[in-house]
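Here are my notes for your first look through this model. Keep the structure open beside the text and find each residue as it comes up.

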Amino acid sequence: VDTGFKYLSVAPYGQPPYATGVVGREEELAAVDAFLTAAPAGPQALLLEGEAGMGKTTLWQAAVRGARERSYEVLECRPAEAEARRSFSGLEALLAAHLDARDCLPPPQRRALEIALRLRDAGTTAPGARAIGLGVLGVLRLLASTQTVVLAIDDAELLDAASAAALTFALQRLGTEPVSLVAARKPGGATALRLDRFVRQPVGPLSLGALHRLLQDRLETVFPRRQIVGMHRVSGGNPFVALEIARMGLTLSDAERPLAPTRMEELIQARLAPLPS
């Protein structure tokens with residue numbers, strides 16, 4: 001879909017400094033680097049999409065570090081499930097460090113944004129969604145007049161609907177301003193943010209070799225190939241699950257290791273068993 005967002009692709013390459021500690025994600029890091037490289041030229045949008053535990057947040061954090069290394073202004077938001085029903089909680093987090101920018105907005109937009117961010121009482125007349133969206137757009141344009149701006153949203157499916165609507169309104173009206181968006185979410189996560197405007201980068205299972213390197217790096221232990229193959233099979237290449245299985249295996253004696261989990265259900269049961277009823 002041609003949405004006006006620009007995207008440049010690059011071939012896999014050596015690991016950049018901001019990606020230290022990221023294992024086996026050459027394709028994903030190439031997408032992140034392309035996003036960061038193109039951001040000064042105008043609006044970009046990158047979505048890192050993967051199941052829980054696959055490492056999308058790790059890659060999202062690498063993108064945030066990379067943006068800061070390039071001296072971009074990063075507006076960061078990591079919504080929690082408890083905040084999803086509180087209107088404009090995401091917008092509050094994104095704009096928290098730049099509230100002074102509202103002073104440069106026209107009075108109607110400034111009032112609307114201040115009410116949305118709970119900086120002023122609404123009185124008898126609540127602001128319209130358009131006025132709030134224009135206020136957000138005005139702040140983004142003001143910030144982008146002096147630097148490249150990156151909006152970074154983790155767990156985008158938890159972003160409250162009011163914030164998502166205001167951001168969508170603003171992003172759709174950007175011209176060539178250097179304002180870009182990188183987000184991470186679970187596949188199929190419902191959100192009012194227009195994710196169809198993103199370049200999607202799947203974050204899938206790790207290869208057997210990458211999983212082996214990850215376990216060695218994180219646990220500082222050399223595992224026999226037979227165990228690595230078993231952990232890769234049981235975890236489905238999910239790095240978080242594989243680390244849990246490996247940590248459990250390290251607590252077992254040699255005699256007990258054949259009883260290590262062979263299915264996800266067994267792993268979950270083993271973790272829950274010691275807990276009080």
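**Notes on packing**

1. Start with a helix pair. H7 and H9 cross in a right-handed way. Keep in mind that this is a predicted model. H7 covers residues 208–219 and H9 covers residues 239–250. Their axes lie 10 Å apart, at an angle of about 55°. Angles from 65 to 115 degrees would count as roughly perpendicular, and those under 35 degrees as roughly parallel. H7 and H9 are therefore oblique to each other.

2. Now look at the side chains between these two helices. H7 brings Leu211, Leu214, Leu215, Arg218 and Leu219 to the contact. H9 brings Pro239, Ala242, Leu243, Ala246, Arg247 and Leu250. Nine residues of the H7 and H9 contact are nonpolar, two are charged and none is polar.

3. Next, the largest nonpolar core. This core holds 37 residues. Leu91, Ile153 and Leu167 have the most contacts inside it. H5 gives the most, with seven residues.

4. Take Leu167 as an example. Which residues does leucine 167 touch, not counting those up to four places away in sequence? They are Leu91, Leu94, Val136, Leu151, Ile153, Leu159 and Leu193.

5. Glutamine 109 deserves a check. This residue lies in helix H4. Is glutamine 109 buried or exposed? Its relative accessible area is 19%. Buried means under 20%, so glutamine 109 counts as buried. Leaving aside neighbours within four places in sequence, glutamine 109 is in contact with Ala131, Leu134 and Gly135.

6. Last, alanine 19. This residue sits in the segment before helix H1 (26–38). Its relative accessibility is 0%, so alanine 19 counts as buried. What does alanine 19 touch, not counting residues up to four places away in sequence? The answer is Leu29, Ala62 and Arg65. Alanine 19 and arginine 65 are 46 residues apart in sequence. In space, they are 8.1 Å apart, C-alpha to C-alpha.

How values were computed:
Residues numbered from 1 in each chain as written. Predicted model: local features only at pLDDT ≥ 70, side-chain atom pairs only at ≥ 80, totals over all residues. Heavy atoms only, no water. Core = buried A, V, L, I, M, F, W, Y, C linked by side-chain atoms within 4.5 Å. Buried < 20%, exposed > 50% of the residue type's maximum accessible area, 1.4 Å probe, protein only. Helix = DSSP H or I, 4+ residues; strand = E, 2+ residues; numbered from the N terminus. Contact = heavy atoms within 4.5 Å. Axes fitted to C-alpha atoms, helices over the stretch in contact; angles between N-to-C directions. Parallel < 35°, antiparallel > 145°, perpendicular 65-115°, else oblique. Left-handed = near helix turned anticlockwise from the far one by under 90°. Nonpolar A, V, L, I, M, F, W, Y, C, P; charged D, E, K, R; others polar.
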